[in-house]
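Work through the exercises below with the sequence and the model open. Try each task before reading its solution.

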Amino acid sequence: MDLNTVIGYRLARTREDLALAPGERILAGGTWLYSEPQPEVTGLVDLTGMGWPSLELPRQGGLRIAATCTLAELVALPRQPRWPAQPLFEQCVNALLASFKVWNVATVGGNVCRSFAAAGMVALAVALDGVAQVWRPDGTDYRLPVAELVTGNGTNRLAAGEVLRAVELPEHALRASTGFRKIALAELGRSGAVLTGRVDPDGSAVFAVTAATAAPTVLRYRALPGADELRHDVLGAPGYYTDPLGTSDWRRGVSAVLAEEIRQELEAA
Ligand SMILES: Cc1cc2nc3c(=O)[nH]c(=O)nc-3n(C[C@H](O)[C@H](O)[C@H](O)COP(=O)(O)OP(=O)(O)OC[C@H]3O[C@@H](n4cnc5c(N)ncnc54)[C@H](O)[C@@H]3O)c2cc1C
């Protein structure tokens, strides 16, 4: 779509270039930005000139994913045998129903910052205790779990002018056994519920609900919970919502069923 209010474009190469003038917006892959009218936008500041390495393996462990890493690059990361959780990358990218053209330009950061309930990269980050590194316009940074950054279906805590620099996945979560389920009302529809579960090397367990609740739901346990406890917690979570992709009751019900499937899978493993 032509954004016919846009009269300026800048390719950012330095942090200073990311200072936004009134009417300017950050451009990443552009797959959402160009998909609907943006009448208030008069300029675009393109992040792809920043030259951030898409995927970094810090010495202390874990994975640092640049905000500009495309979905295709994330999926193409060679398999790391010490990370049983790595299949979640592709599962979560596939939770976002998009063609290969979108995969090749849409970015992890764009998906997180758009913050739709059905954001596959939010599902991935929440499943694996992902932490957002955010650049403030004043030159300082802060870190916040992605589960707390996203506050609702399409809303987040980013203040005006703040830029998501990276999502960091910790080593302990990448070493976990994981399970994944997704359901959509239509075969080719946007996710109605995405459930993930993991058991860390220390035996603790984490279950997460996205797409079904407006903001991510994270449930933590010292050990894999029993069926009744998990069902109670999933059914009791706040934020199940109704939209054309599913009613809140349906989302709540299927989330409990899918969480139990994951629990059984993790128990058997
Ligand atoms: C065919 C198709 C299917 C889709 N399916 C889904 C789906 O199933 N689930 C879902 O959640 N979404 C879906 N989307 C929307 C989706 O969120 C995005 O298209 C994609 O993830 C956005 O990434 P992008 O890099 O293209 O971001 P852009 O479109 O460039 O930007 C998206 C928004 O994030 C801001 N932004 C981008 N990067 C940063 C950053 N680093 N720091 C601060 N702000 C930033 C931009 O200013 C803009 O407001 C779909 C879109 C298409 C075209």
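Two exercises follow, on a predicted model.

**Exercise 1. The ligand shell**

Determine which residues come nearest to the ligand, and which elements and domains supply the shell around it.

Solution. 

Step 1. Assign elements. β2 (24-27), α4 (108-114) and β10 (163-169) each supply at least two residues of the shell. The most come from α4, which gives five residues.

Step 2. Assign domains. Domain 1 (8-49) and domain 2 (52-172) each provide at least three residues of the shell.

Step 3. Sort by class. The shell around the ligand holds 18 nonpolar, eight polar and three charged residues.

**Exercise 2. Where domain 2 touches domain 3**

Describe the side of domain 2 that touches domain 3: how many residues are in contact, which elements supply that side, and what is its make-up by class?

Solution. 

Step 1. The chain is divided into domain 1 (8-49), domain 2 (52-172) and domain 3 (177-268).

Step 2. Take the distance. Over C-alpha atoms, the centres of domain 2 and domain 3 are 20 Å apart.

Step 3. Count the contacts. With C-beta atoms within 7 Å as the cut-off, 18 residues of domain 2 are in contact with 20 residues of domain 3.

Step 4. Find the elements on the domain 2 side. α2 (87-95), α5 (120-127) and β8 (150-152) each supply at least two residues. α5 gives the most, with four residues.

Step 5. Sort by class. This side of domain 2 has 13 nonpolar and five polar residues, and no charged residues.

Conventions:
Residues are numbered from 1 along each chain as its sequence is written. This is a predicted model: local features need pLDDT of at least 70, side-chain atom pairs count only at pLDDT 80 or more; totals for chains, interfaces and linings use all residues. Ala, Val, Leu, Ile, Met, Phe, Trp, Tyr, Cys and Pro count as nonpolar, Asp, Glu, Lys and Arg as charged, and the others, Gly among them, as polar. Domain bounds come from an automatic or database domain assignment. Two residues are in contact if their C-beta atoms, placed from the backbone, lie within 7 Å.
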